Structure formats: C-alpha cells, structure tokens
Amino acid sequence: MEKNPAGLQASSCSFDLTPLGSSLLAATGSPSLLYHHGDIVTRLPPCGSNLGCSALNPCHAAAVWPSPTAARMAVVRGSASPGAASRPLAITFQAHPEFSTPSGARVLERLLREGDAPVRGDDWLTRALPALIDERVTANALQLVGAAMKLLWPTLLPPTSSKAS
C-alpha cells in the first residue's frame, strides 16, 4: 500500500477487468464500485494476481493463490484450473462493496458530506452523491462479490436458475 498520488478516490470509480478478472468474476468491461480511499495497492505478493486496474489505481481487485506458481498459471491461462486445489484462497477489492447496501450508502454519504465536501466543495459533492443511488453500481457490487463468493465457496450459495419464477 502507498498513498495514491492522484489523491482520494471517493464515490464511484470504474476500472478495467484483466482477462483473469473477467473469467474469475464472471464479468466484462469496466465495472464501477464505491470507494473512499487515499491509498492504493502498488505491489502484490508473489502468490497474488491482479484482477482489475485503472489509470488512477494499478490494482482494484486481486486474487490470492496457494502458491506463486498457481498465480502465474492462472494469469497465463486467464482462468483458474478446475478443482478445489487450484481455486484462489481469497479475492479482495480495493472498493467497498458494503457501501452499496442501504446502511453502507448512508455511511459513505456522511463521509462525503462531513469529511470531503468541506475541502472539495459543494460542486464536487453534487457530482459524487448520485453514485450512491446508481443501480448499476449496486448491480456491479452484487455481481462481483457474488461471483467471488461462488468461486471461493462453491457449495455455500444455491445454484442460480435462468428461469423466471
């Protein structure tokens, strides 16, 4: 971790998924999540692999593997090998997916209003607040965290059905 030279990332921030990130998190493109950070991850351990980055942050999400070899192989393949022995041990996000919950959004709003707006101004706050109720940001958090949970604990969640109820 280091102080982000671009300064505080607060409210919504988008990042590009790496090929491995797209595969593991069952998503594509540039998802947006909610943040409140002045620091960034600049270097992963040898058993880590980057799942997403942006111009402001080199590592928005990462997977931690049982060994450096497993991490390298996942990056080369762009996916995890089948079987529990080659699943990541952890998935981590620089964002705060919990800010996408009703109570989490209230906490972030208070941080933005009381901590950031006095320094950054009302115009900044007017641009930052809509992300707290943006359904796409909430959907991104649900998608990415849900995919991470299914990957890490495949028997924990029931299988999803494509049939409408």
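**Figure 1. Glu109 and Arg113 in helix H3 of the predicted model.** Helix H3 covers residues 102-120, and because Glu109 and Arg113 stand four residues apart in this helix, about one helical turn separates them. An α-helix has 3.6 residues a turn, so residues three or four places apart point the same way. Glu109 and Arg113 form a salt bridge, in which the closest N and O atoms are 2.8 Å apart. With a relative accessibility of 28%, Glu109 is partly exposed; Arg113, at 42%, is also partly exposed.

**Figure 2. A salt bridge between Glu114 and Arg110.** Both residues belong to helix H3, where they are four residues apart, about one turn of the helix. The cut-off for an exposed residue is over 50% relative accessible area. Glu114 has a relative accessibility of 54% and therefore counts as exposed, and Arg110, with 55%, is exposed as well.

**Figure 3. Asp134 and Arg136 at the N-terminal end of helix H5.** Asp134 caps this end of the helix: one of its side-chain oxygens is 2.8 Å from the backbone nitrogen of Arg136. The side chains of Asp134 and Arg136 also meet in a salt bridge, with an N to O distance of 2.9 Å. Side chains of opposite charge can pair when their charged atoms come close. In total, the model contains three salt bridges.

**Figure 4. Helix H5 and its buried residues.** Helix H5 consists of 18 residues, 135-152. The buried residues of H5 are Val137, Ala141, Leu144, Gly146, Ala147, Ala148, Leu151 and Leu152. Among the elements that cover them are strand E2 (9-14), helix H1 (19-24), strand E4 (32-37) and strand E8 (90-93).

**Figure 5. An open sheet of four strands.** The strands follow the order E3-E6-E7-E8, and their pairing is antiparallel. Strand E3 (16-17) and strand E8 stand at the edges; each has a single partner strand, so one side of each is left without a neighbour in the sheet. Strands of a sheet pair through backbone hydrogen bonds, either parallel or antiparallel. Strand E7, residues 61-64, pairs with E8 over four bridges in the antiparallel sense. Which residue of E8 is the bridge partner of Ala62? The partner is Thr92.

How values were computed
Residues numbered from 1 in each chain as written. Predicted model: local features only at pLDDT ≥ 70, side-chain atom pairs only at ≥ 80, totals over all residues. Heavy atoms only, no water. Helix = DSSP H or I, 4+ residues; strand = E, 2+ residues; numbered from the N terminus. Expected span 1.5 Å × (residues − 1). Buried < 20%, exposed > 50% of the residue type's maximum accessible area, 1.4 Å probe, protein only. Contact = heavy atoms within 4.5 Å. Polar contact = N/O pair within 3.5 Å; in protein donor to acceptor, adjacent residues only side chain to side chain. Pairing = 2+ DSSP bridges. Salt bridge = Lys/Arg side-chain N within 4 Å of Asp/Glu carboxyl O.
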